[in-house]
Amino acid sequence: MTFVDEVKNAVTPRAALLVIGVLGLQLLFIASYVGALHKPKPTDVAFGVVAPQQMSQQLVSQLDGLPGGPLDPRTVSSEAEAREQIMNRDIDGALIVSPQGRTDTLLVASGGGTVLSSALERILTQVEAGQQRTVRTVDVAPASPDDFDGLSSFYLVVGWCVGGYLCASILAISAGTKPANRQRALIRTAVMAVYAVAGGIGGAVIIGPILGALPGSVWGLAGLGALVVFSVGMITLALEALTGIVGIGLAVLIIVIAGNPSAGGAFPLPMLPDFWRAIGPALPPGAGTWVARSIAYFRGNAVTGPLLVLSAWAVAGTALTLLLSMRRRGGRDDGRTEATSSPSPSGGSTAV
């Protein structure tokens, strides 16, 4: 056997294509993470302004014209309204101008990301200094002292996502990545659901009562975790049913390469480049991180949209998995041993 033959035996054409695919994922991983996170800066941060009527519009125009467009300011009627909008996650901060003195108040919410609240404090301090005014900062939704940089919610969701696609991958490759029949697909879906519930409860208990990293409802976080794990797991099963082992790579592409850097974890969404800011809320890591922070710090507000996103992934993955299994019911891989004939020593045939 020649060396070329040995190479062909060692690396089949299918294996070569898979290796090329892995190389592509590796390069995309680098491009996505570095592209999203190498130069964070606030852009169009939703920001409220509470000021006397005669200066309110002028201040909004001044903030809107800052170099680089860090703020998207709008007039808010009162400090109470500004606080409510921050807790509803409609805005990320607000400036309360004092009509009597020269010290104004900056409202922030570090529970939504300490990096963003620090950036707002830096920007407004510079703006106020130019007006010979000072600013004091009030954190209306402070991050837990045990939640460094507000990252705990992000890491929690990443753990749930990893568990979802790893469990789905194991279920699929243990008996072939393409479900052969509806019964097998239903069993895998049921196992995925049980695993999701266990993973959701486990993650919530670890990050709450055990480590004390996140406040908020343990059962609320557990329910979120179950939905995150199930949605990621089912879309992975669907991709595997559709494309075979390549589906695992596609799941990594969606969840890890595109989803994690755009989730608003290390840097909140207003500090990400436009592309990642646009896709983040539509992917499970971003939707899950937003809801986890809302449960922990914002009284569970503004979660309907992200929960619908996660539900859509779960429904789409489940439907596609079951539909593809029904399409293959008449195929050869139906979970039974196929009967073929081979010659017997006596000249007849034997069923194999």
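A: Start with Glu-79, which is partly exposed, with a relative accessible area of 33%. This is a predicted model, so every value here is computed from predicted positions. The partner of Glu-79 is Arg-83: the two form a salt bridge, with their closest N and O atoms 3.3 Å apart. Arg-83 is partly exposed too, at 32%. Look at where they sit: both belong to helix H4 (residues 79-87), and being 4 residues apart puts about one turn of the helix between them. As a general idea, side chains of opposite charge can pair when their charged atoms come close.

That pair is one of 4 salt bridges in the structure. Another joins Arg-74 to Asp-72, with 3.0 Å from N to O. Arg-74 has a relative accessibility of 29%, so it counts as partly exposed, and Asp-72, at 31%, is also partly exposed.

Now for a pair with a different setting. Asp-104 and Arg-133 form a salt bridge whose closest N and O atoms are 2.7 Å apart. Here the partners come from distant parts of the chain, 29 residues apart: Asp-104 is in strand E4 (residues 103-108), while Arg-133 is in the loop between H5 and strand E5 (134-139). Both of these residues are buried, which means that each has under 20% relative accessible area.

Next, follow the charge on Arg-89, which sits over rings. Its charged end is over the ring of Trp-290, 3.6 Å from the ring centre. Arg-89 also lies over the face of Phe-298, this time at 4.5 Å from the ring centre.

H11 provides the largest share, 5 residues. And how much charge is there in this lining? It has 6 charged residues, alongside 14 nonpolar and 8 polar ones.

Methods. Residues are numbered from 1 along each chain as its sequence is written. This is a predicted model: local features need pLDDT of at least 70, side-chain atom pairs count only at pLDDT 80 or more; totals for chains, interfaces and linings use all residues. Side-chain values use heavy atoms; hydrogens and water are left out. A charge sits over a ring if NZ of Lys or CZ of Arg is within 6 Å of the ring centre and within 35 degrees of the ring normal. Helices (H or I, at least four residues) and strands (E, at least two) are DSSP runs, numbered from the N terminus. Ala, Val, Leu, Ile, Met, Phe, Trp, Tyr, Cys and Pro count as nonpolar, Asp, Glu, Lys and Arg as charged, and the others, Gly among them, as polar. A salt bridge is a side-chain nitrogen of Lys or Arg within 4 Å of a carboxyl oxygen of Asp or Glu. Buried means under 20% relative accessible area, exposed over 50%, partly exposed in between (1.4 Å probe, protein chains only).
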